[in-house]
Amino acid sequence: MMMQQNTLLMAACKSFRCWLSSMMLALVLLLPAPQVLAEVGELPSLGLTSALEISVHQERLLGQGWLRQFRAQTRLYQDPLVQDYTERLLQRLATYNTGLEQKELDLVLVNQRQLNAFAVPGGVVGINTGLFLFAAYEDEFASVAAHELAHISQRHFARRVEASRGAQWTAMAGILAGILVASQGHADAGVAAIAGTQAAAIQSQLAWSRSYEQEADRIGMETLVAAGYSPEAMPRMFAQMQRVASLSGRPPEFLLTHPLTESRIADAQARADQMSGKRAPIRGKDYEMIRTRIIFNQIGSADDAWTLFSRQQASPAAEIYAQALRARGENQPERALELLQQLVKEEPEWLLVQYLVAEELVRQKQWQAAAAQLDELALYAPGYYPALFLRGEMHMQLQQWDQARRIFQQLSQQRPGDPDVWFQLAEAAGKSDRQVQLHQARAEYFQLTGRFRQASSQLDLAVEQARLQDQPWGVQAAIRERRRELEQQRSLMEF
């Protein structure tokens, strides 16, 4: 097992360092030479992020390059409903993190049942589906997300790198490669990469890493409370993690990269005790439904999923949804639809359950009823991403290619950084014989998954198709301009 992990780590580090070395060279060229080469006598002060030499813009470039590599190598969880819910939660928390300069966040959901979450410079937040399984309450889930946002707002990554100035690029490569490997379910190998990097640092710098965790706890709790959640959620979550670690003999993956000590738990509890206006734990209506959905998606059989779901007290709505998912798993579609329609009757203005009924109708190929349900949804929320994506998928199943193409074209404007949307748009454009748009959409999909050469080739094909179709010169010029933009991005990530 260890040999397999080491092999995986070496492969990940090799490809990642190849990309990162060119990225770092580009960043070095952007930094003033005297500042890059200067010796530093003391570590940066906690909270004084404005004096850092690595700019927010450079962090954004680094994070976007890492994100593209990550998408190409990691099994992501693709569910528009879960993606939309989690993005909205992150944006809500970001609103209350006053130090967060990077308001433009990128969320990646990792299809791993292990409890884990991580932050990458440039506003990238990764969350394992296992966090939903572990956190029974929305405020517990939000406490982990707020902690990760605090790492970004306090720019801990840049500060850690500058604290070890002599070997900063090596440190950066090791830390990011470690996150990449750990996120794929090989936490021991990933932590080995991070630990190996940290071994080059002096003991005082390792102490700063612990300070970063405490600072992220403090900022995260402040954000949590400002957003309306209970401060108790964070120490409660920590205590549960510690209990799992003591019972299983192995800590959750989150704790391998975010070490949890008795003093850290005590500090979090003391801080929560001092917070005024304590609130009861918040389940969250939508969160309970999302968590139930993931339980049944992640657990092999409907019976096993029901057993896991039944271990904790749930709201009546979540229990009805669980019964519907169990009926679906037992090949009782009529019963599943009946239960979901019961939810709609009880709360007709609940957007999420309206979507669930539409989804079940599409699943059962009741096209007319599904279209009517989606029309109803559009009246409540015209730009609701999960419903638009579902409508596009329905048109694809019906081979109504041009209708699907228009839906995914609309979504590509709403979500230009979503590779799933571009993939679907490319499929629909190809089927509806829109060759120029096919190659343009493929180019965007390829560049968002780190394949810039293929993206440039697709844009070359788009220009050629536009020329053959005698399209206006402005169309061809716009495609060439996009190609130049992608070449500039590629020059920062691949030499």
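The model is predicted. Two packed helices are described by the angle between their axes and the distance between the axes. Take helix H14, residues 285–298, and helix H15, residues 302–310: their axes come within 8 Å and cross at roughly 140 degrees. That angle makes H14 oblique to H15, because only angles over 145 degrees count as roughly antiparallel. The handedness of the H14 and H15 crossing is right-handed.

On the H14 side, the contact is made by Thr292, Ile295 and Phe296, which meet Ala302, Ala305, Trp306, Leu308 and Phe309 of H15. Sorted by class, this contact has 7 nonpolar residues, 1 polar residue and no charged ones.

Charged residues come in with the salt bridges, of which a search of the whole structure finds 32. One of them joins arginine 155 to glutamate 59, with the closest N and O atoms 3.2 Å apart. The two residues belong to distant parts of the chain, 96 residues apart: arginine 155 is in the loop between helix H6 (138–153) and helix H7 (156–163), and glutamate 59 is in helix H3, residues 56–73. Arginine 155 has a relative accessible area of 5% and is therefore buried. Glutamate 59 is buried as well, since its relative accessible area is 2%; the cut-off for buried is under 20%.

Helix H3 also supplies arginine 60, the partner of aspartate 106 in another salt bridge. Here the closest N and O atoms are 3.1 Å apart. Aspartate 106 lies in strand S1 (residues 106–110), so the pair ties together parts that are 46 residues apart in sequence. Both aspartate 106 and arginine 60 are buried.

Helix H14 returns with lysine 285, which forms a salt bridge with glutamate 347. The closest N and O atoms of this pair are 2.6 Å apart. Glutamate 347 sits in the loop between helix H17 (333–346) and helix H18 (351–363), 62 residues from lysine 285. Are these two residues buried or partly exposed? Lysine 285 is partly exposed, because its relative accessible area is 46%. Glutamate 347 also counts as partly exposed, at 31% relative accessibility.

Finally, some salt bridges are joined in a network, which links Asp402, Arg405, Arg406 and Arg434.

Note on methods
Residues numbered from 1 in each chain as written. Predicted model: local features only at pLDDT ≥ 70, side-chain atom pairs only at ≥ 80, totals over all residues. Heavy atoms only, no water. Axes fitted to C-alpha atoms, helices over the stretch in contact; angles between N-to-C directions. Helix = DSSP H or I, 4+ residues; strand = E, 2+ residues; numbered from the N terminus. Parallel < 35°, antiparallel > 145°, perpendicular 65-115°, else oblique. Left-handed = near helix turned anticlockwise from the far one by under 90°. Contact = heavy atoms within 4.5 Å. Nonpolar A, V, L, I, M, F, W, Y, C, P; charged D, E, K, R; others polar. Salt bridge = Lys/Arg side-chain N within 4 Å of Asp/Glu carboxyl O. Buried < 20%, exposed > 50% of the residue type's maximum accessible area, 1.4 Å probe, protein only.
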